[in-house]
Number of protein chains: 2
Amino acid sequence: MSLIVHKYGGTSMGSTERISNVAKRVAKWARAGHQMVVVPSAMSGETNRLLGLAKELAPSSLTDAYYRELDMLAATGEQASSALLAIALQAQGLESVSYAGWQVPIRTNSAYTKARIESIDDQRVRADLAEGKVVIVTGFQGLDDLGNITTLGRGGSDTSAVAVAAAMKADECLIYTDVDGVYTTDPRVVPEARRLQTVSFEEMLEMASMGSKVLQIRSVEFAGKYKVKLRVLSSFTPWDIDIVEEAKSGTLITFEEDENMEQAIVSGIAFTRDETKISVLGVPDKPGVAYQILGAVADANVEVDMIIQNISKDGKTDFSFTVNHGDYAKTMDLLKNTVVPKLGAQEVVGDTKICKVSIVGIGMRSHVGVASTMFRVLSEEGINIQMISTSEIKTSVVIDEKYMELAVKALHKAFGLDQAPVR
Amino acid sequence: MSLIVHKYGGTSMGSTERISNVAKRVAKWARAGHQMVVVPSAMSGETNRLLGLAKELAPSSLTDAYYRELDMLAATGEQASSALLAIALQAQGLESVSYAGWQVPIRTNSAYTKARIESIDDQRVRADLAEGKVVIVTGFQGLDDLGNITTLGRGGSDTSAVAVAAAMKADECLIYTDVDGVYTTDPRVVPEARRLQTVSFEEMLEMASMGSKVLQIRSVEFAGKYKVKLRVLSSFTPWDIDIVEEAKSGTLITFEEDENMEQAIVSGIAFTRDETKISVLGVPDKPGVAYQILGAVADANVEVDMIIQNISKDGKTDFSFTVNHGDYAKTMDLLKNTVVPKLGAQEVVGDTKICKVSIVGIGMRSHVGVASTMFRVLSEEGINIQMISTSEIKTSVVIDEKYMELAVKALHKAFGLDQAPVR
């Protein structure tokens, strides 16, 4: 008998018919002898509907008191879907009970709308499991020290599920979603993209943070930290698919690095159009310059992704970094009006028509020449590289966004990702 | 400075525009220097929508586990509307915070879907009021000893508001609703019906239990028990109506009996078509008969309203009572198949085409002849009385339902209720 956590996204919970199918699938697992904890999202569209109402009432409030109420509001979506799933399970003849975040409790800090889980009390859930009940735990939400409801941010139910699995020491956490796993790259761009049977959590982390939006990135961090065996699989297979087959489907995100991982050097190609490039040119090359630029940007609550400083020439250097599209105008203003005059830099130039393409692979750690293969491939396609950034298991380049598809396709082929996986 | 509790029904909370108007009205009261606690219902239609989803999933479950989940589900409606109202108040420039029942907490027993309030902790709310915040408390719901969410049944938000007012020792509890007060009778039946400026809580109790569905009956009981000054008034007056005028509008339900109550003998005429009449004829007249009949009925969870036992004749008696339409078939079956054979009674006859008409008035206590006036009026209209039941402050008759309007109109006129109130 294993303890299994299932997580179902909003699309899987989108109607009573779909909730009923989720219940049948969970019932199949329970009847196979597993202890089951299920974490559902709100019914699709519900969170947006609720937050839309709030926006009609107070379009631009930014106070903590306001965010507290947003969490109070948004948390109802998951509470309702959890109760409905418990009812659907009862209709399948199983004993089932649902708990809101505060009932478990799932304790978080007080950062409303983007709270972080601090601890989970597993006592109540464990007692129910021991009595043979299927336990439903609301995703996305928790309780802070002051007794207020908090939510974990978009996609937070993934994190809830992984955190519950970690707290319960579950044997596996299955994330049911509307895709059937993690792919070598987006199949809409490269039709030859292949589903990965396994991917390491570090690779997943790099992919999640770079546009492969299968899982909330924090859930992957959590899984890595607490060694939760995590599987992403489709909720659109028939619910009565053979359970042994289902248990092997999708993509397993594993923390065991040496598990047949030798052959794959590059596991996937991630890409995003979400970023823009900003360069501060002719910066006097002296200590503290990076801090003066990036400190100001951070103070404005802008998250910076890639950062490049060129070598110095004539006592001057160029400084480039990328920020999200949404922060572009604000950051340009800040630099032009405040930072650059103070620094005595020459000018600030920006480019919104860029994209970032990354090759990700845990095998890059032990294989040399992977990055240079990437550069060669891009050069053969006549694609100019504007920025480069590397980590142990990924290499990212910034290129003109019009070459994005071409680059992704060429790299996908060059690293053999369109071939049947060897591992 | 007074402490005032406002309660707003689902229609008043039915859209963001209406919620915004509620916020403006509450803000007006707060700015007039009052400490404000507001208890909103769910947005109209929301509770039905949620329970409809549950019904699609499990049409006929009757277990405690199921009812627990229904409460978990239904409670989200008030949590969402409370958060929205807090946001709307913040948009009006007021500090505001909302609490779900479990956060106050409002403690109840564990009778899911029809729980009773046992206690309310006023500490958290009082601390917020002291800080100048408007406090929103979800209606309709509470927390049981096991940490589960409970709900109070249809109209439960009225009871929440009165209970909060009692716990906070509020100066007045204002129930904003879609009617502008309590009338001498239903204006749809008698256009001359007049709004009462005051009505005693005992009268209100009799009226509430007999078809005047302005307030949930339990809220009136609560108000009487804890001496909460309760006012029913319209939420459809413009929000910026003069506050002094607003504070005097609607109907005040008072527990002070001798407050200008002398002149009114009959305060109102209540009526209902909800009941049916069942008679067990030829019952052996011996001790224990009433118990054998009504005990069996009670065991089947059927609520009995009027009960009449005729005088005995030849050692036999007739036994009549009324039950709700919904319980009629079940009760007839039970009596025919189980009770009557055991009792040795002659037969069971039922009548679903009846109505009950009642005159209610606290002045009946000290005035004789009120009931006989009622009987005379009905007789003058040629209406046959089938059953009579009296209490200290009301007299009810069961008549053929086709005479209901005629009876109500005649009684309304005979007791001078169409005249300008003297009190």
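The structure is a predicted model, in which local features need pLDDT of at least 70 and side-chain atom pairs count only at pLDDT 80 or more, while totals for chains, interfaces and linings use all residues. Residues are numbered from 1 along each chain as its sequence is written, chains are lettered from A in the order in which they are written, and side-chain values use heavy atoms, with hydrogens and water left out.

**The two chains**

When copies are superposed by least squares on the C-alpha atoms of residues with pLDDT of at least 70 in both, chain B can be laid on chain A with an RMSD of 0.1 Å, by a turn of 180° and a shift of 0.0 Å along the axis. The two copies are therefore related as by a two-fold rotation axis, and in chain B the C-alpha nearest this axis belongs to T76(B), at 2.6 Å from it. Of the interface residues of chain B, 100% are also interface residues in chain A, so the copies meet through the same surface.

**Buried and partly exposed residues**

Here buried means under 20% relative accessible area, exposed means over 50%, and partly exposed lies in between (1.4 Å probe, protein chains only).

| Residue | Relative accessible area | Class |
|---|---|---|
| C173(A) | 0% | buried |
| C355(B) | 1% | buried |
| D158(A) | 6% | buried |
| G9(A) | 13% | buried |
| Y183(A) | 22% | partly exposed |

**Residues of the annotated binding site**

An unreviewed UniProt entry places the feature "binding site" at several positions, including K7(A), G9(A), Y183(A) and V214(A); such annotations may be inferred rather than shown by experiment. Helices (H or I, at least four residues) and strands (E, at least two) are DSSP runs, numbered from the N terminus. G9(A) lies in the loop between strand 1 (3-8) and helix 1 (16-31) of chain A, whereas Y183(A) is placed in the loop between strand 9 (172-177) and strand 10 (198-200) of that chain.

Contact means heavy atoms within 4.5 Å. Leaving aside neighbours within four places in sequence, Y183(A) is in contact with A193(A), R194(A), R195(A) and L196(A), and G9(A), with residues up to four places away not counted, touches S41(A) and Y176(A).

**A residue in helix 5**

D158(A) is placed in helix 5 (residues 156-168) of chain A.
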